[in-house]
Each structure stands twice: as structure tokens, then as C-alpha cells.
Amino acid sequence: MQFSDKKTNLWIDKNKLEIVKKSFPDVKVEEYENAVFIHVKKDKLIDFLKFLKEAEELQFKMFIDFTCVDYPFHTPRFLGVYFLFSPEFKQRVGVKCWAENNSLPSLTGLWKGAKWAEREAWDMFGVKFEGHENLVRMFMWESYPYHPLRKDFPLEGIADTYLPSLNLRPDEIPAHNYSPYHTYVPSMEDLEETEKKRIQKKAQIVLNWGPLHPGTHGTIWFLFDMEGEVIKDCDIILGQLHRGVEKIAETRTYTQFIPYTDRMDYISALCSQVAFVNAVEKLLGITPPPRAKYIRTMMCELQRINSHLLWLGTYALDLGALTIFLYAFREREKIMDIIEGIAGIRLNSSYIRIGGVAQDLPEGALDVIRHFIKDFPKRLEEYETILTKNRVWLRRNVNVGIINEEQVYQYGLTGVVARSAGVPYDIRMIQPTDAYGEVDFDVPLGKVGDCYDRYLLRIEEMKQSIRIVAQCVDKIEKLKDKKFIASENPYVIPTLEEVYNSIESMVKDFNLRIYGEQAPEGEIYLSGENPRGELGFYIVSKGEGHPYRLRIRSGAFYNLQIFPELIKGRTVADAVVLLGSLDPVVGETDR
């Protein structure tokens, strides 16, 4: 499917705001250049959100995200922030509500996707949700006494456990001057309690799958309540791979935070960098030069192919197709070499910069990329010849894990998972950044919404990425302006060449690195089309050199949430297929 209009402003318009005010005259509207929020009181929250969802003129029926912001000196202390999307009108709206008495009404009756988001808010902030069916922790173990994203929780954690054995030699002489107190590590009893809180055994046996299992694609702990080989109930325990990046962001400048985005979805690090940097640039009012925009877009699409190749190889391996794994990694290695030649490192490159990219393309880079995109379509044909009509492949994938349109809106599913259900939700088209508004490509859609559709879509997306990369290469070659970063902007760190040749640039570089980008007060939500879905960044700025609050909306987190519903009534063998088709990355789900 191809969109005819590519919007740059995705927020609710004034006409719809007037409709809202007529029905709810007490609400207050808070408008920013890249975000619009409607404040509503707690006792009206459910009625208001139901109106936004069901009103014919609005239809904000897709749940995108929910989080909290901690204001320790305000009463109430915690502010709930909701993001919704209208598929009909391609608009987004934010809703804010103060958590009076440290609680909010649960939205699980309106959107199933709110279940995990509310558990996360309880886990990280201690906000309770009235009417939630099972308000247990999302990432931490059940007996953990603290709430890490509160402002009064220290970055390094709370060292409340005395463990002198870690600091003493056998002769009991201190080996160093480290404190004998450490943060508490959960015991087996803690983990057993956590497991029992997640699932109540009703069938014959509770089977643990993961967290250390090759089929789980990372440290994810699945609980299956089984009768024979059939899964009757399921829950998922996340939190095995803590990153803590939202907390870390509060103590880092915007530029310093870029390497942390690499380590969330480490399979598509460049896409994560670009999504974050685009949000910061909108907040700071920075426009990158055209060359940087095309380089970013080209690199993101190479990274998308890279990510889909890793998915295809490991997915096929899970189903017993070893040959495809070897073939896919052969081509992936070529892309890794291209990324390394341009960015200087293969995986966590930190190549993207606020205002552009770290350095220009090296000589010969475009020639190598041209050669790759000329050769790669033949390799894709090889994959399809082996898999697409293979009887075993069809039996394992067709009609497994079927997702429909209503589930996309209920759970906030995005990326290939949403598009397999026929929902044309692609941020590159809906709200293009960088050069996406200047290139032509199609958004493939599924018809059934099963694992086989998700396979077909990722194959087609790789073909569309080749198309985008080819256009970017042509444009970069024709651009006369060789500028790759907007270093004249007061918020942008100067290049090495500028620092070496100008005392003013050296002073600017020092100030930005030490004190950070003194961003104006304001808020923004902006997202990018990560290979795993919508990766969004909600930034609250208080005019400091670092974010007051940075929320990361993970596409993998929300896509994974539908797994327990889809796996009921199926076997463990289907669980391997279904999870692989959802393609989560734990560094992003756990953040």
C-alpha cells in the first residue's frame, strides 16, 4: 500500500479540540509545537477516554502508550500521561491526569494494552490502578520494596545488603576500600513468589520456558500452564536484562545519551539513534542539512535489512532450516562491513549526532552500497525459493498466531505485527522524518495476520528498503552541499576539524560536553519506525542540559504483550514460531 499524503504534524487539530471542549468544558489543553495534551480530572478520566475512543468525529481507538512523571514537590505527586492514535484521521493526542491519592483508574476495560503499561507504572513509580485484574510488578521481583523511577531513588540503587565476603581476602584483610554493602539480589524464594503471582496453576503442569533458552531470543521467562501438549494459560516475566536507561537519561546530556539507545535494540542500533535524535532536534529546533538526512535514511534502511536478515536466519533456524541461517548471515555480514566502514564500528556505532551525523561518508562507501543493493535481490530470491512454498514451512507458519485489526488497536501493536493484520501503520509514511518524505516506497500489508504473513512482509520490506537506499545513494551523489552536520547551531557539538582550528569551537565543545544542551522548557513525543515497530521518545524538559523525564515507548514491549492471548490452545512448538514472528529484542523490552 502506498500513502498519497505524508504528514509532518500528527497531532489533534483545532476542530477536534473544539468537539472535545463542547462535551467536556472543564478540560484544559496544553499545546506544544510537537505535542498536544488534554488535562482531565481523575473522576472524569474513564468517561473522557471512552469519548475520545468512540466518538465518530474523533476515533482515537488505538492505544499507543502510558507512563508517569514524578513531581516530588507537587500534590498529587504523580502525573499519568496517555498517548492515543486515531487510525481514521491519522492524528495523535496526549491525555494527562494527576494520580490523586497515588492511584488512577485502570484502563484495561478500554484497552488491553494498558495492562502491562499500568504494571510498569506500579513497578517503577508505585502508582496503583483501581480495577486492574492483577497489579503485580512488571520488571522487578515481587518482594522488591522500592520504585526505581521515583526522583528520590538513587541512580546506583540502594545498597542495603551487607555482603562483606565480596570485599575480603581469605585471611580477612580488606582487599580494597569498596563498601561491604550492596544492592539486594533476589533469592530463589523471591523468584518463586514472583512466579506464583503471575500465574495460578489450573491445568496439569506449569512449564518454565526460558529465561535462558535459545528459542526465547533473549532472556525472557515464559510460564505455560499445560494440559498434555496444549497450553491452557500463559504469562511472561520480563526484567531479566535491566538497562535502566530511562533513569540514566535524567543524569546525562542529550548527546551523552545517544550510546544508550544503541544498547536497547542492539540489532537495529542506528534506527534507535535516529528516532531519539529526531525527537531531541524537534525539541531544540534544529534542522539537519540535506546530506545528513539522506545519510541517516540510507543507514536506517541498511540497518532494517540487517535486522530482518538476522530475524530470518534465526527464525528459520528455530524451525529447523539451517541453510537459510547461513545464507542470511552471509548477506548480513556484508551490511555489517558497510556500517563498520562508515561508522567505525559494527554494532553499537553511535554514528548519529544531534544536528546530523558524526562524520561524512568515506570515499568509496556509495560504490560499495551500490554493489550490495544490486546483488542482494538475487539473494532474496534464493531465500524465497527455499522457503515460501516449502511444505514444512507452510505447515509451521500458516494460520498460526492470527492477529486482527481490533487487536492491533487494543494492544497498541505496531510495525510488521500490525501491518500483517492489514493495518497501514508505518511512522515513515504517517509522520516522516529525515528524507522519508522525499523518497518513494510502498508499505506492504498482510491479509490474514498470521506468522506466514509476517514472514512475507519482512521479505517485501527488505525489497522496499533496497528501493529507498538506491534513491538515497542517487541523491547523495548529486548533492553539491557536502555539509553533514548543522554545527553552527548553538546546541550542536562542533566537528573535530572545527575544534582543531577554532578556539571558539573548542570552548563550545567543552561547554556542551560538560553542561549539556540547555534545552528550552517543553515537552515532545516523537517516534520512528524501528524494525520492531514504533519506537517513541517522550521528553519532558525543564530547561536543563538533560531531560527531566525521558520515556521510551518500545514497540517490542507492546507487541510481546499479545503473546499470551495468541498461544492459548496451541502447543509449545507453536510458541517457538509465534514468538519468533513477533521478533522481540529484550534490550528494548526491558529498557
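Which side chain does Glu30 meet in a salt bridge? I looked that up, and the partner is Lys96, at 3.1 Å from N to O. (A salt bridge here is a side-chain nitrogen of Lys or Arg within 4 Å of a carboxyl oxygen of Asp or Glu.)

Before going on, I noted that this is a predicted model, where local features need pLDDT of at least 70, side-chain atom pairs count only at pLDDT 80 or more, and totals for chains, interfaces and linings use all residues. Residues are numbered from 1 along each chain as its sequence is written, and side-chain values use heavy atoms, with hydrogens and water left out.

Back to the first pair. Glu30 sits in strand β1 (residues 28-32) and Lys96 in strand β5 (residues 91-98), so their bridge ties together parts 66 residues apart in sequence. (Strands are DSSP runs of E, at least two residues, and helices are runs of H or I, at least four, numbered from the N terminus.)

Next I checked burial. Glu30 is buried, with a relative accessible area of 18%, and Lys96 is buried too, at 1%. (Buried means under 20% relative accessible area, exposed over 50%, partly exposed in between, using a 1.4 Å probe and protein chains only.)

Then I looked up Lys42, which forms a salt bridge with Glu130, the closest N and O atoms being 3.0 Å apart. Lys42 counts as buried at 14%, while Glu130 is partly exposed at 43%.

Asp574 is buried at 13%, and Arg570 is partly exposed at 27%. For the whole structure I wrote down 46 salt bridges.
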